[in-house]
Amino acid sequence: MAEKKISAAESIQAVMEKVQGVAKKERNEAQRFNFRGVDAVVNAVAPALREVGGVIVPTILKKKYDRGVTKSGTPTVEAFLTVAFDWYGTDGGAPIRGVVAAEAMDTSDKATAKAMSVALRIYLLQTLMLPTDEKDPDAEYHERQSVAPDVVVPDGFLDLVAEASTVDGLQSLWHDAVKGGFSKQVQAAVTARKKVLA
């Protein structure tokens, strides 16, 4: 680390001079694009930061969690974070703060850790103005399957399914279930009755 005491702004500027860019060497095979992960960005920035002097401290300002489901039906946890990063120099002066919003999804217990990694990568890329040829965020659209766990099957509906005497009548009940948002809850009963009527 340099012996000269420097401010947060001087620390950022010195790191910018040393880190001119980070190549996209990692590959997402599922969606066929190259990217720069958090490790690649940190591996480029950290040595320069240690050399010129400075410290970056993260703080979660806001957090929100949601539950979803993948297209294949696997339950997910989604983390939505607002993270502040305070960049300190070595002079004991005030830091320069940057605030980043990040989100991540996981099927286990790592949604927060993933979102923090995303936030750090975005913060470093934007603060240091690292060149990028990434696609614009507006160039992609992801449709999320909606989940309605609180939808309740109307009283007596399963009795109507069990008493259905024709396939057409059963089909009509199925359409009502789809429209009402509780088709998943009655699917097994409808399938079983359909086998009886077929």
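V55, V57 and Y88 make a nonpolar surface patch of about 220 Å². Patches are built from residues with over 30% relative accessible area and no salt bridge; like charges are joined within 9 Å, and nonpolar side chains (Val, Leu, Ile, Met, Phe, Trp, Tyr) within 5 Å. Accessible areas come from the Shrake-Rupley method with a 1.4 Å probe, and for residues only the protein chains shown count as cover. A salt bridge is a side-chain nitrogen of Lys or Arg within 4 Å of a carboxyl oxygen of Asp or Glu.

The model is predicted: local features need pLDDT of at least 70, side-chain atom pairs count only at pLDDT 80 or more, and totals for chains, interfaces and linings use all residues. Residues are numbered from 1 along each chain as its sequence is written, and side-chain values use heavy atoms, with hydrogens and water left out.

Y88 belongs to strand 4 (residues 75-88). Helices (H or I, at least four residues) and strands (E, at least two) are DSSP runs, numbered from the N terminus. Y88 counts as partly exposed because its relative accessibility is 31%. Buried means under 20% relative accessible area and exposed over 50%, with partly exposed in between (1.4 Å probe, protein chains only). Strand 4 is mostly covered, with 10 of its 14 residues buried.

Three strands form an open antiparallel sheet in the order 3-4-5. Strand 3 (55-69) and strand 5 (96-106) are the edge strands, each pairing on one side only. The twist averages 15° from one strand to the next. Two strands pair if DSSP finds at least two bridges between them.

Strand 3 and strand 4 run antiparallel and are joined by 14 bridges. V57 has D86 of strand 4 as its bridge partner. K63 is partnered by L81, also in strand 4. F85 stands opposite G98 in strand 5.

Helix 3 (residues 111-127) packs on the sheet and touches strand 3, strand 4 and strand 5. Contact means heavy atoms within 4.5 Å. The direction of helix 3 makes about 140° with that of strand 5. Axes are lines fitted to C-alpha atoms, for helices over the stretch in contact, and angles run from 0 to 180 degrees between N-to-C directions.
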